[in-house]
Amino acid sequence: MEVTLKFILNGKPIEVKVPPHWTLLRLLREKLGLTGTKEGCGIGECGACTVLVDGIPLHSCLLLAPKIEGKSVETVEGLGGRDSLHALQKSFVDHGAVQCGFCTPGILMSAKALLDGNLHPSKEEVKEAISGHLCRCTGYQQIIEAIEAINKDVRE
Amino acid sequence: MIPPFDYIIPETLEEACNILWEAGKDVGVIAGGTDRVIGLRNGDHSPRLLIDITRIPELRKIEEQDGRILIGAAVTHSEIASSPLLKKYGRVLSDAAYEIGSPQIRNLGTIGGNIVNASPAADSLPPLMVLNAVGKIVSREGAREVPLDQLFKGPYETNLKPHEILVHIGFEKLSSVMRSSFVRLARREAMAIARMSMAVVLRIEKSTNLIEDIRISPGAVMPRPQRMSEVEELLKRKSPDEAILKTASQKVSGVMVRTSGVRSSTSYKAPVVEALFLRAMRSCLEDRG
Amino acid sequence: MRRQVGTDIPKVDALEKVLGEVRYGADLPAKEPLCIKVVRSPKSHAKIVRIEMDEALRIPGVERVFTAKDIPGKNLVGTITKDQPILCSDRVRYIGDPVALVAAKTSEAAEAAAKKVVVVYEDLPALNHPEEAFKLNGPLIHDKGNLLFEFHVIKGDVQKGLRESHLIIEKTYQTTWVDHAYLEPDAGISFLDEKGRVTVVCPTQNVHYDQKEVASVLGLSLDQVRIIQCATGGGFGGRLDITIQCLLALAVFHLKKPVKIVYSREEVFQVTSKRHPLTIRYKSGVKEDGTLIAVEVEILGDTGAYASYGPTVGIRSAVHATGPYHIPNVKVWSRMAYTNNPWSGAMRGFGVPQMAFAHESQMDLLAQALKIDPLEFRLKNCLRIGSETATGQTLMASVGIGETLRKVKECRDKANHSGEDPKRPFIKRGVGVGSMWYGIGNTGIANPSTAQMEIDPNGEVRLYIGVADIGQGSDTVLLQIASEGLGIPLNEVRLIRADTALTTDAGATSASRQTYISGNAILDAIKYLKQEAIKEAGLLLSMDEKDLFYEEGKVKARTCLTTSLPVREVAKRRGKVIKGEGSFDPETTRLDPRTGQGSPYATYAFATHLAEVEVDTETGKVKVKRVVASHDVGRAIHPKNVIGQITGGVAMGMGFALMEEYVPEGTTSFVNYLIPTSKDIPEVIPILVEENDPSGPFGAKGVGEPALIPCAPAILNAIADAIGERIYQLPANLERVLEAVQRGGSENSKHQAPITR
């Protein structure tokens, strides 16, 4: 059995049929072709699948698709484009915050949620905001610097 | 891989109770799903139907009613952690909620889910135990109120019947003379199950400097959440000096060992549970000013 | 042109990664691919009696179930010793060994069918402890015996050295399994390409190795197999071995349809290689003035069910056993034993991180016993230009260990972090240092890289290189080298890489070798390209080649300053491709099989870390506050990349020190395998010491593995400084730290005193 879902995806209303046992992650990747959101563990322990639902970071691997009925979902694909990079995307490139890049889309989404609610986060708040993400390559330091740099830009 | 099932999102409690009553066997209730979805993925359970209770208004509120705080079962850990009402009247719980898992888990996971999953290491349970929390449970048969300490049967086991829904958890507001503390130890600073935790509520009579009310509940050291009434009795009407705290801490580890038995981890856990208890107590005492 | 080398340009792959456009294994598009799923052994050691697949085949959507019988070629793979079956035929040797492979139209059907394949086993006695591997009449894991590999390094006379020592300290150190925990679970696709080649697209650290193994397993020639590396979500050595390549290729070979596989995280934990657990018995002798004169080391490694990189770890741990110190009398005996445990393989450092834990603990113990400052003690004994290593190699250039120590010492002397925290009496603070050396490239064997550079008549400049960038940034660094060498802006050089159909063998992305070795291969290609450009320009200008030279992308005349032809113009006007083919193989010698003497590496990287920790003496919890990481990298081609390697290495080193522990049958996922999060990591202060190596490209060496190696020893030494007791077993988890604290408090505490003569 499939259910019909209506929700906002990256700012655009969509309607899609999906089996109710699918997770949002599977819906995004397998039906909607949005493979920017990654599966690193499938049980909410790595953060690679993080998307924003009504502006709040959630694990799309733990979120059954029917739950997003009527909500607004943002993924990395909605963050910015080649000619319209989000400030975070640019900052990640500039600060060397990307190595293998597998954790990057999820961290970008958590960082966006942080900055949307708090223009001047402290270093501790940045660390807290991305504490639900594992990164094995960078040791987080350049990621933290990239996020902190945004708040500096805004202040200046 | 998650096996197929049907999914219903009822809008009212009555609707949810009716569906649950009529659906019979192989039906599951889902709130945030942070435990449930993992169970589905691992094949621990394969329900025919899942009933999502997160859009029922009664289950989504934190409110004050007749001197009590009521927290809807589908309220998320993030909502608890940031609730001004809880910061004021149940800080031990909001502090614990802030330490759960990760931001994403706190944004999705609910207090009701934490309760009915009944993990011995669940972070919200020791605070609820020291708040003397009572759960309101409903079904088509009616409603009942159950003190939380009577709800837990064992690890991952509660007395909740298959057709029942936990609606909210209520507790008496902690008055301004009550002090509370939650301390937690884990192997890592985020996304880690508690190795051990300790929740304490304390009231000291100012005029006599005697302990008038003391409630102690450790996490992840016993098979089910429970209070350490033996230690509480020891401390009641005593002046909280170092000697009695030390004696009480030894009793804490004693109760732990008696309840859980001697395991390979006991040599580590016994001294550490004592230390956590002392830290929680000292934090309450310092807080007293 | 703007200089490239030493410049922090944006990484060339960063943009598509922040946009979410880049495709990793699971993201690859394929036309209606069949999904494949592996049936794995639940037994650690058993005979396969029979495999029943009727029920599995009845599941709708199932196309086929493969077993070892379906493998047309050789059913054994392995980088050094080929002993690992793609699908086990008669025997399984660890929990997770592959037994059958299901191909189905959907992942659900493949998974369901995999559960219905019935494998009947007959249990065999299992061997789970390497120290029991050599007992008579014990279980035999492979027919040739349980000793996979042994190696000796013998220099001087260790017994004499020990006799002449003023002080001897002997301790045993133990490490455990560690998982790479790369974030991207292995996944990939396979299909027949337009030329009918079996083509596999997947994350990997070495496409040309994969090609050889797939061809061998399928009984095909190399040109019938093509491997393309897709974006790879980390590696750290875990993708040096065959993971999914042969499984994918086997299904495509038979079914002639596109197939796809995606491992779950649980599968990655269960079936990919691990860091070798090593037991290290370490004996050091020192003179009264603090001069190290003897080291005797015995190493026993658990290589698990299959060889993988066991021999590499065996030889590298022996060669690096002394640490970056001059020691005249050395005897090292290293052995790798087969067991029925998870197979150990390559992981960032190949045994050297384990050895550094041992030799740096010894250094602190000796310094303490001699009452010398541990940094001064290291400075006194460290290698310098002209020093002879334990393998008898005389170091001629770029020996920056002393400088890394001096830089760290400045930081330590400024910071006073020892002692107690008055507000929290249960917290004890400590400072520790750890040093390391690391030979760049493979050990005493040829490990060449090749590269081609060409400029076509349309003016397109291309670099062809077989190097797999696994996130560490080799694409960017190699393009920087190419751009700088050629004098053509980086964004005008097109990179074609890690595709066996288009590039030649560059060897593995391992051993911190790609910047140094492939960087040199590119410079070699450029040398030939320049020669050809000069020759062709000579024809255009009617000038003798001798009167021309190449500079900044142009061919210029020595005699006339205004005569200058852009190299692209030369290609265009001559109507031909100007190209250069290059290669580089570092100058090494084979190590003597009896004594281990020789020059195994052309160059070494050096590093010292300083760690500041706080130990909670009531819970055993350790907080690493700060790590000063001082690295001799030769020359930093891309300093920000180098720093990224260092901060990442520190985090991984911290995990190795404090929390990472793979427990066979216990570890299943990231719930019970903990790696540091953003809230765990210390502040990292990187210091780049650039002791240019004349043999390196623009002076560069390597940093990938060195970034990790000194961190755990520094942390362990800092813990010992804080609590006055030492931990000899990794990880230093809550329980071990508390146990050490309690040991310190007890009556008969003081650790075994050193032998003083």
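A residue is called buried if 20 or more other C-beta atoms lie within 10 Å of its own, exposed if 12 or fewer, and partly exposed in between, with C-beta atoms placed from the backbone. This is a predicted model, in which local features need pLDDT of at least 70, side-chain atom pairs count only at pLDDT 80 or more, and totals for chains, interfaces and linings use all residues. Residues are numbered from 1 along each chain as its sequence is written, while chains are lettered from A and ligands numbered from 1 in the order in which they are written.

View 1. Look for D66(B) in the loop between β4 and β5 (68–72) of chain B; strands (E, at least two residues) and helices (H or I, at least four) are DSSP runs numbered from the N terminus. D66(B) is exposed, as 8 other C-beta atoms lie within 10 Å.

**View 2. An open sheet of five strands in chain B.** The strand order is β4-β5-β10-β6-β7, with antiparallel pairing; two strands pair if DSSP finds at least two bridges between them. At the edges are β4 (62–65) and β7 (142–147) of chain B, each pairing on one side only. Within the sheet, five bridges join β6 (residues 134–139) to β10 (residues 165–172) of chain B. Here V134(B) faces G170(B) of β10(B).

View 3. E665(C) sits in the loop between α15 and β27 (683–689) of chain C. With 11 C-beta neighbours inside 10 Å, E665(C) is exposed.

**View 4. The cis peptide bond between L730(C) and P731(C).** Omega for this bond is about -5 degrees. P731(C) belongs to the loop between α16 (711–723) and α17 (734–745) of chain C.

**View 5. Where chain C touches chain A.** Chain C brings 44 residues to the contact and chain A brings 40 residues; two residues are in contact if their C-beta atoms, placed from the backbone, lie within 7 Å. On the chain C side, α1 (14–18) and α15 (639–658) each supply at least two residues. The largest share, seven residues, comes from α15(C).

**View 6. Confidence across the complex and chain C.** The predictor gives the complex an ipTM of 0.98 and a pTM of 0.97. Chain C has a mean pLDDT of 96; pLDDT is the predictor's confidence in each residue, from 0 to 100. Over residues 748–752 of chain C, pLDDT stays under 50. Where pLDDT is low, the predicted coordinates should not be read in detail.
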